[in-house]
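User: Could you walk me through how this chain is put together? I would like to go feature by feature.

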Amino acid sequence: MKATGIVRRIDDLGRVVIPKEIRKTLRIREGDPLEIFTDKEGEIILKKYSPIGELGEFAEKYAESLHKTSGYITCITDKDSVVAVSGAPKKEFAKKPLSPTLEKIISDKATVIVKSPDEEAIPITAEENNEKRYTSQIVAPIIAEGDPIGAVIMVATEPGAKFGEAEEKLAKSAAAFLGKQMEQ
């Protein structure tokens with residue numbers, strides 16, 4: 001664990017303020033759920049809670065299944081990072097923070113389809129630049145109990161690849177299925 005040198009007092013309601021610098025660095029926003037852990041030495045650990053992350057291995061297998069069915073790179077994300085990827089090197093996407101553009105699409109709860117290389121591609125991770133990497137792309141938000149919690153993303157990199165109605169329905173169905181899984 002890394003010491004920050006910041007000390008905070010607990011108020012009369014048992015609350016502790018997490019400093020703005022730490023919230024910004026860890027991308028913790030108002031309303032984000034935090035998981036609380038304790039250890040034998042009396043330490044309290046706060047960890048950003050990811051409902052999609054709870055699906056871990058299931059999300060990996062589901063992304064793999066979508067990739068095998070469609071033949072396209074498939075990513076499953078929570079609101080902050082890529083949780084599962086299939087069809088591309090994991091080090092390229094896995095556990096990387098999402099791009100601000102993708103975060104906005106997820107929070108807007110709208111499916112976005114990039115149908116040709118002429119359209120502006122949506123960067124998946126914050127580290128991506130806007131080079132023309134994808135020829136087609138679908139982003140289908142995962143919604144549980146009315147709240148956006150992540151996305152199913154399918155991308156094509158082959159020249160001439162174009163997503164049609166079948167791929168759109170596959171991505172939307174996958175997102176709806178994952179959303180239902182989180183509601184149970």
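This is a predicted model: local features need pLDDT of at least 70, side-chain atom pairs count only at pLDDT 80 or more; totals for chains, interfaces and linings use all residues.

User: Thanks! What is the geometry of the aromatic pair that Tyr 72 and Phe 163 form?

Analyst: The structure holds 4 aromatic pairs. In the one formed by Tyr 72 and Phe 163, the centres are 4.5 Å apart and the planes stand at 90 degrees. Planes over 60 degrees apart count as edge-to-face, so the geometry of Tyr 72 and Phe 163 is edge-to-face.

User: How many residues apart are Tyr 72 and Phe 163 in the chain?

Analyst: Tyr 72 sits in the loop between helix 2 (56-70) and strand 3 (73-77). Phe 163 lies in the loop between strand 7 (147-156) and helix 5 (165-183). The pair thus links distant parts of the chain, 91 residues apart.

User: Nice. Now helix 4: why are its buried residues on the same side?

Analyst: In helix 4 (residues 100-108), the buried residues are Leu 102, Glu 103, Ile 105 and Ile 106. They are on the same side of helix 4 because they cover an arc of only 160 degrees around the axis.

User: On to the largest nonpolar core. Which element gives the largest share of it?

Analyst: This core has 24 residues, and Ile 76, Ile 142, Val 152 and Leu 178 touch the most other members. Helix 2, strand 4 (82-86), strand 6, strand 7 and helix 5 each supply at least two residues. The largest share, 5 residues, comes from helix 5.

User: How many residues are in the second, separate core?

Analyst: Members of this second core include Leu 102, Ile 105, Ile 124 and Ala 151.

User: Last one: which residue of strand 4 stands opposite Ile 76?

Analyst: A hairpin joins strand 3 to strand 4 through 4 residues, and these strands pair in the antiparallel sense over 4 bridges. Strand 4 is largely enclosed by the rest of the structure, because 5 of its 5 residues are buried. The residue opposite Ile 76 is Ala 84.

Technical notes
Residues are numbered from 1 along each chain as its sequence is written. Side-chain values use heavy atoms; hydrogens and water are left out. Rings of Phe, Tyr and Trp (its six-membered ring) pair if their centres lie within 6.5 Å; planes under 30 degrees apart count as stacked, over 60 as edge-to-face and the rest as tilted. Buried means under 20% relative accessible area, exposed over 50%, partly exposed in between (1.4 Å probe, protein chains only). The arc is that of the directions from the helix axis to the C-beta atoms. A nonpolar core is a set of buried Ala, Val, Leu, Ile, Met, Phe, Trp, Tyr and Cys residues joined through side-chain atoms within 4.5 Å. Two strands pair if DSSP finds at least two bridges between them.
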